[in-house]
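The following note collects points on the coordinates shown below. It is arranged by topic, from the overall layout to individual elements.

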Amino acid sequence: MKFLIPIALFSIFISSVFGQDKYSFYMDLNKISNDLIEITLETPSIKESKIIYNMPKIVPGTYQIYDFGQYVMDFQAFDANGKSLYVNRLDDNRWEIHDADRMKKIAYWVEDTWDADVDELVFEPGGTNIEEKENVVLNNHGFFGYFDNMKNLIYELNITRPTDFFGSTGLTNITTTGNTDKFTIDNYMDLVDSPIMYNQPDTVTFKIAETSILVSVYSKNKVAPAEVLAKDIKGILEAQKEYLGGKLPVDKYAFIIYLYEGVSGSGGSGALEHSYSSFYYLPEMDPTRLSGFLVDVAAHEFFHIVTPLNIHSEEIGNFDYINPKMSKHLWLYEGVTEYFANHVQVYQNMITPEAYFDVLMDKMATAESFKDDLPFTKMSLGALDAHQDQYMNVYNKGALIGLCLDVLIREQTSGKKGLKDLMLMLSEEYGKEVSFKDDELFDKIAQLISPELRAFFANYVEGSKPLPFEEVLAKVGVDFKTDVTIKEVGFGGATIGFNMETQRLFVMDVADLNKFGKKLKIKINDEILAINGKELTLDNLEDVIIDYQTNTEDGEKVEILVERKVKDKIIPVLLKAKAIQTEATQDYYIAINPNATQQQVQLRKTWLGQ
Ligand SMILES: [Zn+2]
């Protein structure tokens, strides 16, 4: 017992000399003024006389330079007596502090990015929001920084919040005292990887196999409750679980969803991936209309757990927040992820092969607006600067590279393996903590599957040849053609639009009516209620129209029920005429080949799962 006192004294002595070896940050969400919030930091002990405090120039997953330091102001550093230390701001993102060995505290104010007055707004899922008493989005890299060579210390966030606020996050080490939540995080990389959204909670939790899922929704006008959106997410996660071999690769995962009112500040909407969560910035709209979009985006973000989170090169693994270096392999990180997000839906029977082919044709058409002869590896290396305007092609051509690879792998392994099996092999070979060398990946894949794949990468990913869709799809008994003339029945040459107010299709223009349109006597502003007795709803709209356009024979009786304004009255009118097919050119045509060989059919089944 008597040794206790000297030990205790000794430990006090130690702590007063060496201070603490962690970052302790404090912020109070009750004290917001002019969209600004004050951050204070009890600094870890510093031995150097000068040290640089950094805010990131860029963060993983965004592939865009944002300079988060530009949102920081009134930066001050203090010693133990509260005396100011000299600070030299080196650039937007870095502050050099003098007499740093005496430093005890830093304080600064942060402005949110979502409504900042800057030339190019941060893509919201990677930015920050400060809305007093409503909502605070902490993408932590927008608030908290790090000292040079000290990214691996523990981070402690002490966040005081309004009593009725809840912080939604994928973080697990949380203790709450009164109105203050304390998050303890292993290092800066994990801090950046873990957004937190504070607001009055609307949350749902459920389990998929062994994984606990949180769905948290903020919607100012309460248009889409978490309960409803969680159903969509549950559906796609069940499919992803099967796709990934029966279980999900994490214990806990949070879908943090912010639904915005009106128009998006940056002009974009979407999401950003993390290891244990993803953050969504989507328009406030009726859940039935949001559903398809949410499923696609959620599937994409969740699949990012595979890559880049568990398969990545050194450029991503040792991420440099100040001098970012790009990897050649965006075709993998974004392309394969996007490919999986769509492919899982056909493979697990959520959509038909025809609906899946439509997705592929859409991507082919969108890819046309990008430079097809720019090698994808080169685009990837230049995504932050020289080829920034080509980046969005990762979701189109990138995904189509994934498609070709999946089919080729199935061919080379006689249907035993596919792209998802290759990803599993690569994540076992590397993983979250082990990066591959950018230059070695193609050889590694060829070694794991077949030398044939090396030639594919050389020609179509490192090279500038257009992807060989016809040749690849033929292997799985699927026809591919371009510029095909098709016969279809339309709306008689009328231009059709969508009325946001009534949520119905309506006739925008009748200047180019053809014979069929004139016989129907279709008029401008007619709102379409039903086609051939099938009532149009937001849910079935696309299916009914496609079915009508492609399956109506020449001469068949057509009935279109519209609502029309006649003088001051709105009345239903039934338009009738015999269908007249017209010729149209379709840029792309993908369909099952009815004359495929047994072998092709077999391989197609392994690819489509149906
Ligand atoms: Zn992505």
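1. Domain bounds here come from an automatic or database domain assignment. On that basis the chain of this predicted model is divided into domain 1 (19-199), domain 2 (202-301), domain 3 (306-474) and domain 4 (490-580). The C-alpha centres of domain 1 and domain 2 lie 26 Å apart. Across the boundary of these two domains, 27 residues of domain 1 are in contact with 26 residues of domain 2.

2. As to the chain as a whole, it contains 16 helices and 30 strands. Taken along the principal axes, its C-alpha atoms fill a box of roughly 100 × 70 × 50 Å. Of the 610 residues in the chain, 52% are buried. Among contacts with a separation of 6 or more, 69% are made by residues 24 or more positions apart.

3. An open sheet of 4 strands has the order E7-E8-E4-E12, and its pairing is antiparallel. Strand E7 (87-91) and strand E12 (146-147) form the edges, each pairing on one side only. Inside the sheet, strand E4 (residues 50-54) pairs with strand E8 (residues 94-98) over 5 bridges in the antiparallel sense. Tyr53 has Trp95 in E8 as its bridge partner.

4. Strand E16 (residues 180-185) has two contrasting faces: Asp181, Phe183 and Ile185 are on the covered one, whereas Thr180, Lys182 and Thr184 are on the uncovered one. Strand E13 (residues 154-160) runs antiparallel to E16 and is joined to it by 6 bridges. In that pairing Tyr155 stands opposite Ile185, a residue of the covered face.

5. E16 also pairs in the antiparallel sense with strand E15 (residues 174-177), over 4 bridges. Thr177 stands opposite Thr180 in E16. The hairpin of E15 and E16 has 2 residues between the strands, and Gly178 takes a positive phi near 60 degrees there.

6. Where do the buried residues of helix H15 fall when seen down its axis? Helix H15 (residues 541-551) has Leu541, Val544, Ile545 and Tyr548 as its buried residues. They fall within an arc of 95 degrees, so they line one face of the helix. In an α-helix there are 3.6 residues a turn, so residues three or four places apart point the same way. The face of H15 turned away from the buried side carries the exposed residues Glu542, Asp543 and Thr550.

7. The packing partners of the buried residues of H15 include helix H14 (515-520) and several strands, among them strand E24 (495-499), strand E25 (504-509) and strand E28 (557-566).

Key: Residues numbered from 1 in each chain as written. Predicted model: local features only at pLDDT ≥ 70, side-chain atom pairs only at ≥ 80, totals over all residues. Heavy atoms only, no water. Pairing = 2+ DSSP bridges. Buried < 20%, exposed > 50% of the residue type's maximum accessible area, 1.4 Å probe, protein only. Arc of directions from axis to C-beta. Contact = heavy atoms within 4.5 Å.
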